[in-house]
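Good morning. Please look at the model on the screen, and I will go from the whole chain to one residue.

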Amino acid sequence: MTVRVRRVYDPAGPEDGARVLVDRLWPRGLAKDAARVDEWPKALTPSTELRRWYHAGEGSYEEFAERYEAELGSEEASEALDGVRELARRGDVTLLTSSKTPEQSHAAVLARLLET
């Protein structure tokens, strides 16, 4: 099992496995058929409040990751995370985000949680 984090705007590759969009909003300017998204579990996305707080530069990535992990403790998010874990047990998974810095995004937090 491999869990990757990629930008949704990057072309799909054969090594991607299941492609899971982990953003709350559909990426701007991207046609749905071009994205080749297999799953879109919106319950896994950070809350609007947390996303705005982080993008406003009010806190560090580490603090964002802690707050996001706390949000993932909700029942709905836990169920969605279990669903992606099941996909990962069956094969490779690529978490897709429109973030310009995917290595410092919620997708990277999810990847770390899925790999443990």
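I start with the model itself, then the overall fold, then one serine.

This is a predicted model, in which local features need pLDDT of at least 70 and side-chain atom pairs count only at pLDDT 80 or more, while totals for chains, interfaces and linings use all residues. Residues are numbered from 1 along each chain as its sequence is written, and side-chain values use heavy atoms, with hydrogens and water left out.

The protein has five helices and three strands; these are DSSP runs numbered from the N terminus, helices being H or I of at least four residues and strands E of at least two. Along the sequence the pattern reads β-β-α-α-α-α-β-α. The C-alpha trace spans about 40 × 30 × 20 Å along its principal axes. Of the 116 residues, 42% count as buried, meaning under 20% relative accessible area with a 1.4 Å probe, protein chains only.

Now contacts, that is, heavy atoms within 4.5 Å. Among contacts with a separation of 6 or more, 60% come from residues 24 or more positions apart.

Now the serine. Where is Ser105? Ser105 lies in the loop between β3 (93–97) and α5 (106–115). Is Ser105 buried or exposed? Ser105 counts as buried, because its relative accessibility is 4%. Its side chain reaches the backbone oxygen of Pro102 at 2.8 Å. Leaving aside neighbours within four places in sequence, Ser105 is in contact with Tyr61, Phe64, Thr97 and Ser99.

Note on methods: Buried < 20%, exposed > 50% of the residue type's maximum accessible area, 1.4 Å probe, protein only. Polar contact = N/O pair within 3.5 Å; in protein donor to acceptor, adjacent residues only side chain to side chain.
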